[in-house]
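Welcome! Take a look at the model first, then read on.

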Amino acid sequence: MSGETLILVLLVITALGFDFTNGFHDTGNAMATSIATGALKPKVAVALSATLNLVGAFLSVEVAATITKEVLNIQQTSGDDAGQIVAGLSPTTALLIIFAGLIGGILWNLFTWLFGLPSSSSHALFGGLIGSGIAAIGLSGVNWHGVFAKIIVPALLAPVIACVVAACGTWLVFAITRRIAEGRKEQGFRYGQIASASLVSLAHGTGDAQKTMGVIAMALIVTGHLDASTVSHGLPLWVVASCAAAIAIGTYLGGWRIIRTLGKGLVEISSPQGMAAEASSAAIILTSSAAGMALSTTQVATGSILGSGVGKRGAQVRWAVAGRMAVAWLTTLPAAGLVGAASFYIAHLLGNVAGGIAIFVLLVAASAYMYWRAQQNKIDAGNVNDDWDETTGSIVPADLGTIVPTAVAGESASGTTAGPTARSV
């Protein structure tokens with residue numbers, strides 16, 4: 001096996017690893033409100049979501065095509081040389097850029113999952129790729145027009161639009177059903193939540209699984225294993241199937257820490273609110289997928305849940321938790337970018353094959369450490385719906401110890417702003 005092929009194999013494994021983290025990191029986008037209201041039992045919810053993510057991954061390739069050409073300038077995107085590597089860039093260096101970007105995305109996903117922060121997996125991936133691209137080539141290594149049009153603008157508009165749509169939908173739902181008994185209303189909307197949450201899961205598979213497909217396709221293009229002109233018409237079955245399976249398995253395992261934040265920490269939600277939030281999310285995500293925009297499903301879902309609290313008179317919205325999420329959103333691109341850039345520098349310093357192996361080992365070690373830390377205060381299907389600890393603002397139930405999620409501009413137990421520290425994670 002040549003050095004280039006070895007790096008390609010490690011890259012594909014890492015890409016599927018990112019897809020796996022994307023699955024459990026984003027399960028809450030679809031199912032957090034259904035779990036919180038009791039519309040679905042926790043394990044049933046994640047099993048349903050996993051199945052629909054699997055199905056959704058086979059429905060479209062528009063977002064995958066966007067990823068191959070709208071983030072990095074490592075291949076020609078037009079003319080007779082379309083699909084060819086840009087002048088002065090070797091296939092091995094191009095692979096290391098993509099490889100390092102994936103590492104930035106995975107480590108940020110795991111870090112935010114550890115603290116129960118529903119940051120964007122999509123922006124973590126894009127940030128990692130942008131950081132490694134700048135480290136390798138400079139500012140010209142990034143397709144800034146594509147990044148601005150397909151990533152930055154949707155990132156700014158999507159949560160606001162989702163919040164407004166969900167707020168209007170929630171107000172309308174309560175206005176229409178104001179004469180219906182509360183118990184009957186809750187029961188009826190729980191059935192509606194099952195349908196709307198299922199649609200969000202399908203939409204998530206349609207959008208997010210494609211991002212990993214696009215990364216793998218980009219690696220196959222730069223190594224000559226795939227013709228760039230064929231991407232918009234479909235990808236090899238093994239790419240689609242493996243990405244679909246990875247995101248489905250991750251979804252099934254359930255990102256319980258983030259599910260808890262979205263379901264219990266942001267808004268004390270009722271079934272009508274949950275249905276309004278999920279319906280808003282599904283409509284926006286499916287529309288963006290059809291347009292080829294690599295939208296953050298996390299930002300859409302979070303904006304919708306927040307809107308469901310704004311739209312219900314007297315609803316409890318925890319703005320401190322929302323503030324922590326907003327800071328995580330703002331830091332995702334640069335933080336993942338720094339990790340992506342550092343990973344590329346390490347790989348480049350050690351040499352092509354040795355560098356690729358080294359950053360892969362570092363990824364495994366860092367991932368294992370964060371997983372171990374999470375097990376010290378484990379959140380699972382059994383305690384995901386426990387009452388939110390108002391004293392600490394912690395994702396961890398009080399009887400399991402205290403975690404203060406201040407790693408991203410959070411608050412301490414006394415309510416004062418704290419620095420980047422955490423205890424008993």
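Helix 1 and helix 7 run roughly antiparallel to each other, because their packing angle is about 165° and angles over 145 degrees count as roughly antiparallel. Please keep in mind that this is a predicted model.

**The pair of helix 1 and helix 7**
- Helix 1 covers residues 3-37 and helix 7 covers residues 182-222, and their axes lie 10 Å apart.
- The two helices, helix 1 and helix 7, cross in a right-handed way.
- Where helix 1 meets helix 7, the contact residues comprise 14 nonpolar, 10 polar and four charged ones.

**The largest nonpolar core**
- The largest nonpolar core has 101 residues, and those touching the most other members are I74, I98, F99, L102, M213, L235 and L266.
- Helix 4, residues 91-114, is the top contributor to this core, with 14 residues.
- Setting aside residues up to four places away in sequence, I98 touches L11, I74, L129, V215, M218 and A219.

**A closer look at F344**
- You will find F344 in helix 12, which spans residues 319-350.
- Is F344 buried or exposed? F344 has a relative accessible area of 4%, and under 20% counts as buried, so F344 is buried.
- Apart from neighbours within four places in sequence, F344 is in contact with T93, L96, I97, A100, S132, A135 and A136.
- Along the sequence F344 and G131 are 213 residues apart, yet in space their C-alpha atoms are 8.8 Å apart.

Key: Residues numbered from 1 in each chain as written. Predicted model: local features only at pLDDT ≥ 70, side-chain atom pairs only at ≥ 80, totals over all residues. Heavy atoms only, no water. Core = buried A, V, L, I, M, F, W, Y, C linked by side-chain atoms within 4.5 Å. Buried < 20%, exposed > 50% of the residue type's maximum accessible area, 1.4 Å probe, protein only. Helix = DSSP H or I, 4+ residues; strand = E, 2+ residues; numbered from the N terminus. Contact = heavy atoms within 4.5 Å. Axes fitted to C-alpha atoms, helices over the stretch in contact; angles between N-to-C directions. Parallel < 35°, antiparallel > 145°, perpendicular 65-115°, else oblique. Left-handed = near helix turned anticlockwise from the far one by under 90°. Nonpolar A, V, L, I, M, F, W, Y, C, P; charged D, E, K, R; others polar.
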